[in-house]
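This briefing sets out the fold, surface, charge pairing and pocket of the structure shown below. The points are grouped by topic.

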Amino acid sequence: MKTLWVVFVSVLIAELGDKTQLATLLFATDPNKSAVGVFVAASLALVCSSLIAVLVGTQIARFISPSMLNTVAGIGFIVIGVWMLFGRS
């Protein structure tokens, strides 16, 4: 149960305010689109992308240790952050 809550809170916080949520918000503002339809479609898209992440993650974990993946992901996020700060014109 602890894993469920950790993953739920982590993904919820990561998704708040990101471009996917903003795109969903914009779709929901269209009076020609059903709010329920937008919700169902966005939910299914998140479920599918999460399924892909879990399937790929379990395969990658067979070849690379989780600590190495964390290190590589951390370095990747730092590089992207530095690039975003200093790489813009």
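A patch here is made of residues with over 30% relative accessible area and no salt bridge, with nonpolar side chains joined within 5 Å. The model is predicted. The protein has four helices and zero strands, and buried residues make up 1% of its 89 residues.

**Fold and dimensions**
- Read from the N terminus, the elements of the protein follow the order α-α-α-α.
- The radius of gyration of the protein is 17 Å, whereas a compact globule of 89 residues would have a value near 12 Å.
- The C-alpha trace extends about 45 × 45 × 20 Å along its principal axes.

**Surface**
- The protein has an accessible surface of about 7,700 Å², and carbon and sulfur atoms account for 77% of that surface.
- A nonpolar patch on the surface is formed by Met1, Leu4, Trp5, Phe8, Val9, Leu12, Ile13 and Leu16.
- Together, the residues of this patch have about 870 Å² of accessible area.
- Ile13, one of the patch residues, is located in helix α1, which covers residues 2-15.
- Ile13 counts as exposed because its relative accessibility is 57%, and the cut-off for exposed is over 50%.

**Charge pairing**
- Side chains of opposite charge can pair when their charged atoms come close.
- The count of salt bridges in the protein comes to one.
- This salt bridge joins the side chains of Asp30 and Lys33, with a distance of 3.0 Å from N to O.
- Asp30 is partly exposed, because its relative accessible area of 23% lies between the limits of 20% for buried and 50% for exposed.
- Lys33 also counts as partly exposed, at 38% relative accessibility.

**Largest pocket**
- The largest pocket holds about 590 Å³ of space.
- Its lining consists of 20 residues, and those nearest the centre of the pocket are Glu15, Thr20, Ala42, Ser43 and Leu46.
- Helices α1, α2 (19-29) and α3 (35-60) each give two or more residues to the lining of the largest pocket.
- Helix α3 supplies the largest share of that lining, with eight residues.

Key. Residues numbered from 1 in each chain as written. Predicted model: local features only at pLDDT ≥ 70, side-chain atom pairs only at ≥ 80, totals over all residues. Heavy atoms only, no water. Rg over C-alpha atoms; globule rule 2.2 N^0.38 Å. Buried < 20%, exposed > 50% of the residue type's maximum accessible area, 1.4 Å probe, protein only. Areas by Shrake-Rupley, 256 points an atom, 1.4 Å probe, with all protein chains shown as cover. Patch = residues over 30% accessible without salt bridge, like charges linked within 9 Å, V, L, I, M, F, W, Y side chains within 5 Å. Salt bridge = Lys/Arg side-chain N within 4 Å of Asp/Glu carboxyl O. 1 Å grid on protein atoms, 1.4 Å probe; cavity = no way out; pocket = protein on both sides within 12 Å on 5 of 7 lines; lining within 4 Å. Points joined across faces, edges and corners; volume = space filled by probe spheres on them.
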